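Please look at the sequence and the three-dimensional picture below before reading on.

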Amino acid sequence: MSAPEHGVDAETVRKIARLSRLHVDEDRLEPLAQELNGILGWIEQLNEVDVEGVEPMTSAVDVSAPLRADEITDGGIRDAVLANAPKKDSGFYVVPRSVE
Amino acid sequence: MFTAERVADKKDWMSGETGDWELIIGLEVHAQVASNSKLFSGAATEYGADPNTQVSLVDAGMPGMLPVINEFCVEQAVRTGLGLNAKINLFSRFDRKNYFYVDLPQGYQISQFEHPIVGEGEIEIQPEDSDAVTVGIERLHLEQDAGKSVHDLSPTETYVDLNRSGVALMEIVSKPDMRSPEEASAYVDKLRGIVRALGTCDGDMEKGNLRADVNVSVRKPGGELGTRCEIKNVNSLRFIREAIRYEARRQIEIIETGGTIDQETRLFDSVKGETRSMRSKEDAHDYRYFPDPDLLPLNLEQSFVDGIKANLPELPDARKARFIAEFGIPAYDAGVLTADKVTGDYYETAAKGRDGKIAANWVMGELFGALNKEGKDLEDSPVSAENLGGLLDRIADKTISGKIAKTVFEKMFEGGGTADDIIESEGLKQVTDMGAIEAMVQEALDANPAQVEKAKLNPKLLGFFVGQVMKASGGKANPQAVNQILREKLGL
Amino acid sequence: MSDLTQLTLESALGGMAAGDFTSEEITIAHIDACMEAADLNAFITNTFELAIDQAKASDARRAKGAVGKLEGAPLGVKDLFCTEGVKTTAASQILGDFKPPYESSVTTNMKADGMVMLGKLNLDEFAMGSSNETSSYGNVVNPWKKNEELVPGGSSGGSAAAVAADICLGATATDTGGSIRQPASFTGTVGIKPTYGRCSRFGIVAFASSLDQAGPIAKTVKDSAILLDSMAGYDPKDSTSLNVDNGDWIASCEKSIKGMRIGIPKEYTVDGMPAEIQSLWDQGVEWMKDAGAEIVPVSLPHTKYALPAYYIVAPAEASSNLARYDGMRYGARVDGENLNDTYERTRAAGFGPEVQRRIMIGTYVLSAGYYDAYYLRAQKVRTRIAEDFKNAWESCDALLTPTCPSAPFAIGRKVNDPITMYLNDIFTVTANLAGLPGISVPAALDKNGLPLGLQIIGKALDEDTVFAAAGALEKAANFTAKPEKWWT
């Protein structure tokens, strides 16, 4: 696959910010696009590396995932679970309404 | 690229203004693994606990908390894969599916995207009144469930319970091989039977432990594929059929009036019997899957898989074949009797060492009928399989007639007890004493001389006398003996 | 009694064992020093009262003959480690007043070994930074000063500054791209990032999970071995934790390196690197030779691609790891018009600019259509980098390199130039990508009187060799300089 055109524009920043759930003021979109383009442009040098047939490295640990026994060893700690909640009621987390 | 080769039976076509339409259906079934603890944490999975009491700090997405895989869940995924005649992938990996939602504490769901633990397989389904159909399995992967949002405790806020957060699910993805609502529900029913037989999922659809996302599109029979819509979280076989029917009709109407189908996710409203668009998201999803760096790849040993394989219980298809061979029952009956483990076990206990056909007729006729009438499940049947077997024995050894047996069964169903007890206490034992029967026959002949003459000319009228004798005996006379003596006496 | 804050961890442990002073005494001495050093801004949260209680408890244990590896030693904890009941911030506003109802495995180990915790040390927000300027609790000031205030490096700037200023006997730190070794180099301290998987990540606020690794910052190589020996160990709660025993690291610090083959990677000579750093490196080669090591030129051809690969992998993982900070279950929520607005305002207010920048980069490189070209390619380059090291190990046992391409710089100088800032990690990030142990040892002062470090990189799980080489380097360099205590 060929490298993408690294052309992040204000609209792309808006989309990324939305996906990242970060509020960005309108007048910050363009400057941010420039910043990101600067970094992405610098990253582009990776295209010089021949990675044909190379396996991606996802971890520095080269063993299989350890497995645990199916035992109930946790839970029953509602107070701890809710201790830092900005809002809670009757054992539930209370959050802004997620449906209309 | 998928090309739906099989064209539906004509009887499954839906007619529209512009002609007939064919339905193309695929399903994603989520089956909760029957594990004690969650996929990545040691919190319990039991249904119905108080909110947030079965939540570990891992399930709540606290900073620095890390997942560790539950071995039992891996085993059950492999077992299920074997039950689906599917390829087990010795290498699989967990990925993160990133999106924000209030019941998703980590901001991502741990799932298997690129390398699922189970690959392609297939199962055969038997829709009612149709030929058997083979449905391809695309894959099965493990993933964690989300928490639950409660919207009716406050008008302005959402309450979140994370008890389900992190519970292990097997997502079983079918190929789009189904062509009618009946095929789709037969498929889910079959899957349900398989996971229950394997013990990997309890299959309880009411609790949401097994639920389906249904993909539906329509096309002109054998023609170009249409755009599909996904109906989320349908949790009964009836709703699956209703949702598909409604959705197909909706799509046909849109296309026929010149519209196009938007690929979208829809919800089924079981009260109104209609599907509706989930509130359109402001932006398209982009889940940004990538390998979860908190987990290492899963490398299974072939011996691990072989060990599971060696201990697989008999599955519905194998059992069906065995029932046909062993009990001599028709394929259809065998299919019904092996659809789930409880029925199969019941039938097998009742039929063992007896006439399999008669046993099948009793289970599927009297028993299912009585249970249906009472709205009871087989698990709660007042007549145990052993007791039904005892009843069949009394029919076989001619202690009672088939007709009396129905009376005995009714009493067993009402008050429990064995057939022998009821036959004894109600005095229902069949009269096989030839002398006594002969006396009753003679009595009947003497009382109806005109009928005797007619019967001599027309043997079909013999039934009249049989009826008289049976009536006189209170139904207890052996009908064959009555017949035989009558024929002798009338010189037929 | 002499100033107890001047002691090394090793000598402090020895002094307490000999009954020269108590944990309470040395703890109080350090608390006093901490209070005097407030201008360094090394702490986000101090736990002095708790420390005194812990010190008394330690003295009581010692009286009964129960003595742990860190018994009674007053230490600092980077505020990325969750500590039960003690506010944990990751130097971010988004966590609000978060008090974890749990303890990280590393600090659990240290507490079990008798640690006295002085407080939670400042850092770059979510460990994202090389200067400590991204902390939302204000930047840490380097104890080393030249006309103007200098950065302590990052992200473990608070840990490095606290150890350099003698206000903690040692400190925990974490290293994702150089966050232990670079600040160690900038402050004249020793910092080791062990092999990935040595220290459990359980309870450490995650930045980039496949790269994050905890380790200590200490006054000497041997102190760092003592600390690491307590911090490291298998933890079934971390799926990437390695089920292997610690080596005999403390003893290894004094082991001869005679016959050890030290590789010198030619690619670590970079454009614009100060001549002083090159000559220090050359000096290091001489020291190793003098100690009996064999010097081997090696090549790590993909070195220059490590940093750009890192700036894909780390932000990608971070963008996902930081999704949980949404103000729903903990942390500071900023109410918006609806749920999504609440998410966006909470996160925009809670995360600083560098964190937001990295989240956006990470989101971008993972998004549909870009994954293969960015993320997947970076992971493949990562494989190449790991292969480079494997090839090098065929001809050598460890590598000697500079730790950083520069001496500590002035606060504010690079803050508006992300790439220049990122280049600080050019020599350290390779060890993270390959999962290898690396240690920075203070080696000399530059012409401005500021510390410079040299780095030893070793094979996976071969910390013994790393400690031996570092011990030899430390001995040869005989770095005894201390910053002037201008803050008292």
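The sections below go from the model as a whole to its chains, domains and sheets.

## The model and its numbering

This is a predicted model, in which local features need a pLDDT of at least 70, side-chain atom pairs count only at pLDDT 80 or more, and totals for chains, interfaces and linings use all residues. Residues are numbered from 1 along each chain as its sequence is written, while chains are lettered from A and ligands numbered from 1 in the order in which they are written.

The model as a whole scores ipTM 0.96 and pTM 0.89. For chain C the average pLDDT is 97, and 100% of the residues score at least 70, where pLDDT is the predictor's confidence in each residue, from 0 to 100.

## Chain C as a whole

Chain C contains 16 helices and eleven strands; helices (H or I, at least four residues) and strands (E, at least two) are DSSP runs, numbered from the N terminus. Its C-alpha atoms fill a box of roughly 65 × 55 × 50 Å along the principal axes. A compact globule of 488 residues would have a radius of gyration near 23 Å, and the 21 Å of chain C agrees with this; the radius is taken over C-alpha atoms, and the globule rule is 2.2 Å times the number of residues to the power 0.38.

Of the 488 residues in chain C, 66% are buried, a residue being buried if 20 or more other C-beta atoms lie within 10 Å of its own, exposed if 12 or fewer, and partly exposed in between, with C-beta atoms placed from the backbone. Among contacts in chain C between residues at least 6 apart in sequence, 76% join residues at least 24 apart, and two residues are in contact if their C-beta atoms, placed from the backbone, lie within 7 Å.

## Domains of chains C and B

Domain bounds come from an automatic or database domain assignment, which in chain C gives domain 1 (7-257 + 436-477) and domain 2 (318-377). The C-alpha centres of these two domains of chain C lie 29 Å apart, and 16 residues of domain 1 are in contact with 15 residues of domain 2. On the domain 1 side, the touching residues divide into eight nonpolar, seven polar and one charged; here Ala, Val, Leu, Ile, Met, Phe, Trp, Tyr, Cys and Pro count as nonpolar, Asp, Glu, Lys and Arg as charged, and the others, Gly among them, as polar.

Chain B is divided into domain 1 (10-306), domain 2 (314-426) and domain 3 (434-490). The C-alpha centres of domain 1 and domain 2 of chain B are separated by 36 Å, and their contact takes eight residues from domain 1 and seven residues from domain 2. Helix α2 (residues 181-198) of chain B gives the most to the domain 1 side, with five residues, and that side as a whole divides into two nonpolar, three polar and three charged residues.

## Where the chains meet

Chain A has 41 residues in contact with 56 residues of chain C. The elements that give two or more residues to the chain A side are α1 (10-19), α2 (29-43) and β3 of chain A, and α2(A) gives the most, with six residues. The residues on this side of chain A divide into 28 nonpolar, eight polar and five charged.

Between chains B and C, 24 residues of chain B are in contact with 32 residues of chain C. The residues on the chain B side divide into 15 nonpolar, five polar and four charged.

Four strands form an open sheet in the order β2(A)-β3(A)-β10(B)-β9(B), with antiparallel pairing; two strands pair if DSSP finds at least two bridges between them. At the edges stand β2 (88-89) of chain A and β9 (148-150) of chain B, each with a single partner strand, so one side of each is left without a neighbour in the sheet. Two bridges join β2(A) to β3 (residues 92-96) of chain A, and A:D89 stands opposite A:F92 in β3(A).

## An enclosed strand in chain B

Five of the seven residues of strand β11 (residues 168-174) of chain B are buried, so this strand is largely enclosed by the rest of the structure. Five bridges join the antiparallel strand β2 (residues 19-32) of chain B to β11(B), with B:Q32 and B:L169 as bridge partners. Seven bridges join strand β8 (residues 133-144) of chain B to β11(B), again running antiparallel, and here B:I137 has B:S174 as its bridge partner.
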